[in-house]
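I opened this notebook to keep track of what I looked up, one topic at a time.

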Amino acid sequence: VLYTDKEEVVLWMNTVGPYHNRQETYKYFSLPFCVGTKKTISHYHETLGEALQGVELEFSGLDIKFKDEVMQTTYCEIELDKAKRDAFVYAIRNHYWYQMYIDDLPIWGIVGEADENGEDHYLWTYKKLEIGFNGNRIVDVNLTSEGKVKLVPNTRIAMSYSVKWKKSDVKFEDRFDKYLDPSFFQHRVTNNLFKHLSWISQCIHWFSIFNSFMMVIFLVGLVSMILMRTLRKDYARYSKEEEMDDMDRDLGDEYGWKQVHGDVFRPSSHPMIFSSLIGSGCQIFSVSFIVIIVAMIEDLYTERGSMLSTAIFVYAATSPVNGYFGGSLYAKQGGRRWIKQMFIGAFLIPAMVCGTAFFINFIAMYYHASRAIPFGTMVAVCCICLFVILPLNLVGTILGRNLSGQPNFPCRVNAVPRPIPEKKWFMEPAVIVCLGGILPFGSIFIEMYFIFTSFWAYKIYYVYGFMMLVLVILCIVTVCVTIVCTYFLLNAEDYRWQWTSFLSAASTAVYVYMYSFYYYFFKTKMYGLFQTSFYFGYMAVFSTSLGIMCGAVGYVGTSAFVRKIYTNVKID
């Protein structure tokens, strides 16, 4: 915002909550703080992303004007009865701190502190604001809490503030840079250690990317070498068999993936659900790719709720991708009830997300938390699903069925399914599925730590270039692993590769969810029903979405591989 001298600068009070439970937040004035005397104010408009993230901006009532310094001034008094004292004591014991905004710059302050014995509790009553300006823009805000007052029932506590303005060399575009320091919230550590910790964090990040990149090179090389050599031998053996007469061929020991050529393109079991999952996975991949690119170009972390708003908009806009891939796959597999498939594909992910949010919303309402989603926001999300996502999904489904819905397989499908022979236990689809997700998880688990920390702790994730690299690495590793798994399965003359390729890649989600348990118990200090249900509920949504995306990527890559090998072999 461009300000003129003496123009009103609004201090918004957002939320208050326990430090260790980032998502457990309440309205600032749910604690018995008093409001300043100033009443006139410009109106605040809430976005969809802010409403879903529990942003609750309320006017502080403090009179602040651009470049107009204010000496320490009392703005209100708290009549501290026993109930109010108990509320403050509870907040101090649970390390409550609050968040405010000036010109979209966040400021954090702690409610109070207890003495060493934990018997006496003190409230910080003096907000000392230091605001940096460059030209006619605000570029920096710092809050110092002073005026420690002991909480004694039936007393009056005066709340005061002061405002100091100082010229700053920080450019307006760079004003959020200080929040990106990983040590910004660790107030008790020295500045030299700050820089040291930041340097170590960056080194770990680079090392994790390098480690994953080397894994990709190794895997691609291994897959290429093994499969090319093995397939070359297979082709040579099959071409040699073609040259034999019928008697020799009958006496010969035929085995391998060629034997299932009449069943390999047989429709998968439960084709409606399968094609809906593949369509949803392709859409999640598209959303991830586009949102990361937008985040790399635009600094989405500088605006409240902008990342979530962008993700919702992109998800709705990419609905034709879901319809196209899901609808075309269902048509290829001979599906007739395409309208039902379209509905399942369109509402699979929204139903999962909204169902989890609805459950957590009940708990948030019980706690009177700011994370409780308003009814109007729920209606808006439902309208997006019905009037944007569904019609666009229909368009994608019709295009998919008409443009690429014809089954053009290189091999004819036999009328009678071939019996699946006995094989060793480690070749069973269930074992392949369980082991398939280990390597994809290994390529991303260090990045998972940084992403978890940005969401569940007080750090801002901004290295979206890293995230794009990790997404590419994850896709390559997933495709390589599923191709190898499918080759072994087909070589054992088991043609049930569709679900196996999907689930072996999707099992990455199980390992991510298991890692989330480790992160909760060993890396955080979260507690309470609300924060625990919020954490495990949304981690389940995140893990499932990641699994569906990996499964779809694995299936698409494996499908191309299977089509390629059966195109190149001569079949009677």
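**Entry 1, the disulfide.** I looked up the torsion about the S-S bond of C34 and C76 and found about 65 degrees, so this disulfide is right-handed. I note for the whole notebook that the model is a predicted one, and that every value below is computed from it. The S to S distance in the bond joining C34 to C76 is 1.8 Å, and with pairs of cysteine sulfur atoms within 2.5 Å taken as disulfides, the count comes to 1. I then asked where the two partners sit: C34 lies in the loop between strand 2 (26–27) and helix 1 (48–52), while C76 belongs to strand 4 (residues 70–80), so the bond ties together parts that are 42 residues apart in sequence. As for accessibility, C34 has a relative accessible area of 15% and is buried, and C76, at 10%, counts as buried too.

C382 counts as partly exposed, with a relative accessibility of 47%. I did likewise for C550, whose closest cysteine sulfur is in C475 at 7.1 Å, again too far for a bond. C550 counts as buried, at 1% relative accessibility.

N154, which is not a glycine, has a phi near 60 degrees, and its place is in the loop between strand 9 (137–150) and strand 10 (155–167). Is N154 buried or exposed? I find it exposed, with a relative accessible area of 69%. E493 is not a glycine either, and its phi is positive at about 60 degrees; E493 is found in the loop between helix 12 and helix 13, where at 11% relative accessibility it counts as buried.

From E493 I went on to the helices on either side of its loop. The axes of helix 12 (residues 464–491) and helix 13 (residues 497–506) come within 9 Å and cross at roughly 145 degrees, and the crossing is right-handed. Which residues meet there? On the side of helix 12 I listed T478, T482, T486, L489 and L490, and on the side of helix 13 W497, T500, S501, S504 and A505. Sorted by class, this contact holds 4 nonpolar and 6 polar residues, with no charged ones.

I then noted its buried residues, which are S319, N322, G323, G326, G327, S328, L329, Y330 and A331. What covers these buried residues includes helix 5 (271–297), helix 6 (306–317), helix 8 (338–367), helix 9 (375–404) and helix 15 (529–567). Last, I looked at what follows helix 7 and came to G334, whose phi is positive, near 80 degrees.

Methods
Residues are numbered from 1 along each chain as its sequence is written. This is a predicted model: local features need pLDDT of at least 70, side-chain atom pairs count only at pLDDT 80 or more; totals for chains, interfaces and linings use all residues. Side-chain values use heavy atoms; hydrogens and water are left out. Axes are lines fitted to C-alpha atoms, for helices over the stretch in contact, and angles run from 0 to 180 degrees between N-to-C directions. Helices (H or I, at least four residues) and strands (E, at least two) are DSSP runs, numbered from the N terminus. A crossing is left-handed if the near helix is turned anticlockwise from the far one by less than a right angle, and right-handed if clockwise. Contact means heavy atoms within 4.5 Å. Ala, Val, Leu, Ile, Met, Phe, Trp, Tyr, Cys and Pro count as nonpolar, Asp, Glu, Lys and Arg as charged, and the others, Gly among them, as polar. Buried means under 20% relative accessible area, exposed over 50%, partly exposed in between (1.4 Å probe, protein chains only).
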